[in-house]
Amino acid sequence: MNDTKKKILETAFSLLIEKGYNGVSIGDIANKLNIARSLPYKYFKSKNDIFYETFKYYFYDRFFYGVDDFSTLNLDTFIDLILDRMIEIIKNLKSVNISVFDYNSLYILALKNEPRFSDYMTAQMKKSEIIIDNAVKNGEIKKGISPNFIQRVLLDIWGRTSSLGSNNDDAKLKDLLEDIKTFKQLVKGEI
């Protein structure tokens, strides 16, 4: 990704966190970057395109960079990949003083206000279904456990990251990691 384009996305993201979905303009982005108001239009057609690309990058693409073929991932690798990237993102948010709650709140607003992003995320979630279906076929998942159950529980566990950002972050993160470990053992039939 071009450096200027990346800076525009970074700035849009920080302003979206700070001001909310309806509180950010192209002028705000240009002013914060100290660039001409017209420069973002060199890379994006509109403010909505900037937001859409920002949402894709910050809410999905950062989790799965480097993964080209989801059908080759087993369930353990998939869960570990998401967990590692989730921890990395949480640490990055803390380093720039953004609460995980605000991050997740913006995600909800993105789904609600940007139909293209909602469609994009729906399509991306289908990739996890491929991994779960393969895990069932390959015997990674104990018989009788519904693939839909697995997907819902994983979403619930990862959704708990929104509670991180308070004084007990380390304890909550430890509990989250322990729950993921237990869940992996449960679906394999190890417990």
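This is a predicted model: local features need pLDDT of at least 70, side-chain atom pairs count only at pLDDT 80 or more; totals for chains, interfaces and linings use all residues.
**Notebook: salt bridges, core and a helix crossing**

I started with D80, which counts as partly exposed, as its relative accessibility is 32%.

**Entry 1: who pairs with D80?**
I looked for the partner of D80 and found K184, with the two side chains meeting in a salt bridge at 2.6 Å, N to O. The two residues sit in distant parts of the chain: K184 is in helix 9 and D80 is in helix 5, 104 residues apart. Is K184 buried or exposed? K184 is buried, with a relative accessible area of 15%, because the cut-off for buried is under 20%.

K184 also meets D76 in a salt bridge, this time at 3.8 Å, N to O. That pair again links helix 9 (K184) with helix 5 (D76), 108 residues apart. Then I checked how these residues join up: D76, D80, K184 and K188 are linked in a network of salt bridges.

**Entry 2: the other salt bridges**
How many salt bridges does a search of the whole structure find? I got seven. One I wrote down is D49 with R116, whose side chains meet at 2.7 Å, N to O. This pair also ties together distant parts of the chain, with D49 in helix 4 and R116 in helix 7, 67 residues apart.

**Entry 3: the nonpolar core**
Next I went to the largest nonpolar core, which has 57 residues. F13, F55 and L75 have the most contacts inside it. Eight helices turned up on my list of those giving at least two residues each: helices 1, 2, 4, 5, 6, 7, 8 and 9. Helix 5 gives the largest share, 11 residues.

What does F13 touch, leaving aside its neighbours within four places in sequence? My list reads T54, Y58, F59, L93, I98, Y103 and L106.

**Entry 4: helix 1 against helix 6**
F13 came up again here. The axes of helix 1 and helix 6 come within 10 Å and cross at roughly 95 degrees. Angles of 65 to 115 degrees count as roughly perpendicular, so that is how helix 1 and helix 6 lie to each other. On the helix 1 side the contact uses F13, L16 and I17, and on the helix 6 side D102, Y103 and L106. I sorted the contact by class: five residues are nonpolar, none is polar and one is charged.

How values were computed
Residues are numbered from 1 along each chain as its sequence is written. Side-chain values use heavy atoms; hydrogens and water are left out. A nonpolar core is a set of buried Ala, Val, Leu, Ile, Met, Phe, Trp, Tyr and Cys residues joined through side-chain atoms within 4.5 Å. Buried means under 20% relative accessible area, exposed over 50%, partly exposed in between (1.4 Å probe, protein chains only). Helices (H or I, at least four residues) and strands (E, at least two) are DSSP runs, numbered from the N terminus. Contact means heavy atoms within 4.5 Å. Axes are lines fitted to C-alpha atoms, for helices over the stretch in contact, and angles run from 0 to 180 degrees between N-to-C directions. Angles under 35 degrees count as roughly parallel, over 145 as roughly antiparallel, 65 to 115 as roughly perpendicular and the rest as oblique. Ala, Val, Leu, Ile, Met, Phe, Trp, Tyr, Cys and Pro count as nonpolar, Asp, Glu, Lys and Arg as charged, and the others, Gly among them, as polar. A salt bridge is a side-chain nitrogen of Lys or Arg within 4 Å of a carboxyl oxygen of Asp or Glu.
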